[in-house]
Amino acid sequence: MDVYIRGTLEPLFSSSSDESSQSSESIQQFAPLLSQFAYCTFLNTDTMAAKVASAVTTSQGAGKPMYEVTIGEALVSDAPAIALIGANTFTATFGFSVPADHLADFLASTYSSEVVEAEILKAQETNTSTIVARDETGKVMGFVQLVRGITEECIPGDASSHAELRRLYVDTTAHGKGIGSKLIAHLENMAKAEGFKTLWLTVWEKHPQAQRLYQRLGYVKVGETEFATGDTISTDWVLAKSL
């Protein structure tokens, strides 16, 4: 099963409703983002430390059809494809839950080609690596980001040893092919090789499928945080894994 941060690779609801249609049309009229997520709510510290320390990666289900991809650093020329995958998947999953104008604002500031291109160009400055999965033709089928030097207060341990797994998205035509799992494994190895001890991420509280997948991969809930799409505030779980 493939998933991505802030939702699922497979839409929770059909995009055939009038509201979803209006949301999609509004994406063409992007405006600046109104806000970002705020605080992190704590769980019991002793419990968190024990859970994170004992987290163990478990194996994926056997017999799943796999998709041959090459994993590597994103190029500037990949920006349009990354932006399209991000905008389409975010809209399919969360478009029903926020006003169309708020959704458009968020997508404009996060998943426009210009924004994605700037993120790739400023990778060293922002300590953020964008990793892509390409099929045999070179087409980008998914992406994920490793963000260094960032943490949440609810994550136990030395903050300098924390890194974030952010924005895991896979093209809708390649769901269930194992691409998301490959991207996660690559990012975990990358973070570990760089000396990070804890990898963390956020996942929507109303997405049990994604929560279960990450838990199977050794991630445990250590707290909660807020995520804002315009004026719409939702709650995300903060999950962490000891590398």
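Mentor: Let's start with a helix pair: H3 and H4 are roughly antiparallel to each other, because their angle of about 155 degrees is over the 145 cut-off. Keep in mind that this is a predicted model.

Trainee: How far apart are the axes of H3 and H4?

Mentor: The two axes are 10 Å apart, with H3 covering residues 79–94 and H4 covering residues 100–110. Their crossing is right-handed.

Trainee: And which residues make the contact?

Mentor: From H3 you have Ala-87, Phe-90 and Thr-91, and from H4 there are Leu-103, Phe-106 and Leu-107. By class, that contact of H3 with H4 has five nonpolar residues, one polar and no charged.

Trainee: OK, now H3 and H5. At what angle do they cross?

Mentor: Roughly 120 degrees, and the axes come within 8 Å. H5 is residues 113–121. H3 and H5 are therefore oblique to each other, and H3 passes H5 in a right-handed crossing.

Trainee: Which residues are touching there?

Mentor: On the H3 side, Ala-79, Pro-80, Ile-82 and Ala-83. On the H5 side, Ser-113, Val-116, Glu-117 and Ile-120. That contact has six nonpolar residues, one polar and one charged.

Trainee: Switching topic: where does Asp-78 sit?

Mentor: Asp-78 is in the loop between strand S4, residues 70–73, and H3.

Trainee: Is Asp-78 buried or exposed?

Mentor: Asp-78 is buried, because its relative accessible area of 6% is under the 20% cut-off.

Trainee: What does its side chain reach?

Mentor: The Asp-78 side chain reaches the backbone nitrogen of Leu-75, at 2.7 Å. Leaving out residues up to four places away in sequence, Asp-78 touches Val-132, Arg-134 and Val-140.

Trainee: What about Gly-176, where is that?

Mentor: Gly-176 is in another loop, between strand S7 (162–170) and helix H7 (179–193). Gly-176 is partly exposed, with a relative accessible area of 23%.

Trainee: Last one, zooming out. How many helices and strands does the chain have?

Mentor: Eight helices and ten strands. The chain has 243 residues, and 50% of them count as buried. Taking contacts between residues at least 6 apart in sequence, 76% join residues at least 24 apart.

Key
Residues are numbered from 1 along each chain as its sequence is written. This is a predicted model: local features need pLDDT of at least 70, side-chain atom pairs count only at pLDDT 80 or more; totals for chains, interfaces and linings use all residues. Side-chain values use heavy atoms; hydrogens and water are left out. Axes are lines fitted to C-alpha atoms, for helices over the stretch in contact, and angles run from 0 to 180 degrees between N-to-C directions. Helices (H or I, at least four residues) and strands (E, at least two) are DSSP runs, numbered from the N terminus. Angles under 35 degrees count as roughly parallel, over 145 as roughly antiparallel, 65 to 115 as roughly perpendicular and the rest as oblique. A crossing is left-handed if the near helix is turned anticlockwise from the far one by less than a right angle, and right-handed if clockwise. Contact means heavy atoms within 4.5 Å. Ala, Val, Leu, Ile, Met, Phe, Trp, Tyr, Cys and Pro count as nonpolar, Asp, Glu, Lys and Arg as charged, and the others, Gly among them, as polar. Buried means under 20% relative accessible area, exposed over 50%, partly exposed in between (1.4 Å probe, protein chains only). A polar contact is a pair of N or O atoms within 3.5 Å; within protein, one must be able to donate a hydrogen and the other to accept it, and residues adjacent in sequence count only if both atoms are side-chain atoms.
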